[in-house]
Amino acid sequence: MPETTPETAPKGLTRLAFGGDYNPEQWPESVWAEDVRLMREAGVTMVSVGIFSWALLEPSPGVYDFGWLDRIIDLLHEHGIRVDLGTPTVVPPVWFYRAHPDALPVTADGVRLEFGSRGAICHSNTHYRAAAANITTRLAERYGDHPALAMWHVHNEYGVPVSACYCDSCAAHFRRWLLTTHGSLDAVNDAWGTAFWGQRYPSFEDILPPRTTPTVGNPGQALDYKRFADATMRENFCAERDILHRLAPGVPVTTNFMTALSQCDSVDYWAWGREVDLVTNDHYLITDGRRTHVNLAMAADLTRSVAGGAPWLLLEHSTSGVNWQPRNPAKAPGQMARNSLAHVARGSEGAMFFQWRQSRRGAEKFHSAMLPHGGTDTRVWREVVELGADLGSLADIRGSRTEADVAVLWDWHSWWAQNLDWRPSQDADPRERADAFYEALYDRHLTVDFAHPESDLSAYPLVVVPALYLMTEAAGNNLREYVENGGTLVVSFFSGIVDEHDAVHEGAYPGALRDVLGLTVEEFSPLPAGASVRLTGPDGTERTGDVWTEFVVPRGAETVWTYADGLTAGQPAVTRHRLGEGTAWYVSTRLGAEGLDALLGRAAADTRLAQRAELPRDVEVVVRSGESGRYLFAINHTAADTKVPLATAGTELLTGERTAGRLAVPAGAVRVVRLDG
């Protein structure tokens, strides 16, 4: 069975990862033996240890207590359970803050946050950096060659809850970052357009973080500060990673991402994906009334894409309800396994949870766990044991890759820029458009890769741009080349407007996309709250748009749908431009689900994409393939039994049954078929 290289896969793990965060320090040592016995019963293969343990490992400055950690790691190893060992640098001890109160972060309003939570860190603080390097070094020296060690887990969920600090240390660090990034003070002034409102800086020493100002501050400065805050956290990760690489060579180093757009908006995961040895992710269902399994699929596809298409690992999710949302419902019977296997279908090399044993104290005592307060005589525990057995039967998929049909372009820098103040409409939400376009593709049963706007897109017959307000000239040229070479492009409104410094591209909107779309936009015309417009097509079909309209002038593009009412009545609403061997579609309003489906159906007709209309709604079919074979995952999120067509016969791995023609998938169930040939 092929395995990924030791540098990018958990060391010594021969099956899919299954387990969770294990916090034995919360329990009497007499409980540990029971924990490990139950882990074996559940089929646990790996646990994460030590993530929040700095205060116990270094109870006072320079005084260390590794005895308890020695004992638990040895116990896990004795029972064949691999260890994902954390560096506890997300939770400096209280003695550290007493000695260095300046390491606590300061808000843009000048309020210094206090100790007593987690992640209260100024990432520019030199005392924090030194202390983090020291505890990381001590751990690597002690455990770097321990036979249980599978991988290193640096920090925890960078960017949550604090990403940016606005203190004087950060101000000095920001100035150094600006000089390195821009090269000169003149370049900074030019990038930020400081000639506006008399903001020009005569020296670097005059530049401060974008603290609270009387009215809206400089958007270029605000955008750069988001980049700086992200880069500063990444510097700290890389410093710990390099220590671990040096002292524990051959052991992969990661940190847990939160790629879902519903969970973290302060981290550029394209950049972070290049720094970790193995991409890992935490994902939690957001119970806001949406179809949660669609958000899950989107997060998994985005995580895989950050990993460059390579296998990744789901490092945290929940067995049932969480505790930090306004309302935290339990998962339905079977939903935990369905969620877990949906992540695996989309590239994860296992399913890990927060956490192993449910806490009795602290802020997360109502967060579900693999071993609930009710113990082993509970539905959750029985489902955990069943899931462990199922994952055990899927070991052969390790190292295989998920096959994608289309690409969706996404850029965290564009998201940051569009969400700054004073845009044409506060209702034009880039995350909402990304969610909506993804859901429309999901409902057409298309598997999505996400891609950076400047990446190679030649493998995709269809590329979708839900929201790219910020687009570099290089990205615009990349999309033009993609279409000229035969690709089909779909672009939504308010894309291609500004460059990397939030400066409007010269000439008419949409600057970076004018040529590829074959049009210009004379003026934006956002709609009042609650208003909508009608669109008509050549066949008389009507669609509805809301939030946004534009005055579009075709310059080579053909009009497909026209505004039927409103200020833009009679103007083009949706256009299609033939360029070279391909086509580029543009939609200048916010379409609802039916309109998006119709648009994507028309665009897909320009491509070689296979249609999968025979599949029911909310039934996923995803394929992973590799040297060991091709694996079809069929995931039924509905309350009705269904059948999925199979192009070739195969063996269903969870039941061991042979299947051909049509695969029966019971309501709420998952089936995984190793296809013949």
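Which strand gives the most to the lining of the largest cavity? I looked this up and found β23 (residues 619–626), with 4 residues.

**Ground rules.** I noted that the model is predicted, that local features need pLDDT of at least 70 and side-chain atom pairs pLDDT 80 or more, while totals for chains, interfaces and linings use all residues. Residues are numbered from 1 along each chain as its sequence is written, and side-chain values use heavy atoms, with hydrogens and water left out. Helices (H or I, at least four residues) and strands (E, at least two) are DSSP runs, numbered from the N terminus.

**Cavities.** I searched the whole structure and got 9 cavities of 30 Å³ or more. A cavity here is a set of points, on a 1 Å grid over the protein atoms alone, where a 1.4 Å probe fits but cannot get out; lining residues have an atom within 4 Å of a point. Grid points are joined across faces, edges and corners, and a volume is the space filled by probe spheres set on the points. The largest cavity has about 80 Å³. Its lining consists of R346, Y442, H445, L446, T447, L615, V619, E620, V621 and V622.

**Backbone.** I then checked D618, which sits in the loop between α17 (593–604) and β23. Its phi is positive, near 70°, and it is a residue other than glycine. D618 counts as buried because its relative accessibility is 13%; buried means under 20% relative accessible area, exposed over 50%, partly exposed in between (1.4 Å probe, protein chains only).

E157, not a glycine either, has a positive phi of about 50°. E157 is buried at 5% relative accessible area and lies in the loop between β4 and α6. P161 is in the loop between β4 (149–154) and α6 (168–182), and the V160 to P161 peptide bond is cis, with omega near 5°. I also found a cis bond joining F354 and Q355, with omega about -5°.

**Sheet.** I traced an open sheet of 10 strands with mixed pairing, in the order β12-β11-β13-β14-β21-β20-β19-β16-β17-β22. Its edge strands, β12 (448–451) and β22 (590–591), each pair on one side only. Two strands pair if DSSP finds at least two bridges between them. β17 (residues 542–546) and β22 are antiparallel over 2 bridges, and D546 stands opposite R590 in β22.

**Loop tryptophan.** W197 lies in the loop between α7 (185–192) and α8 (219–247). I logged W197 as partly exposed because its relative accessibility is 48%.

Definitions and conventions
1 Å grid on protein atoms, 1.4 Å probe; cavity = no way out; pocket = protein on both sides within 12 Å on 5 of 7 lines; lining within 4 Å.
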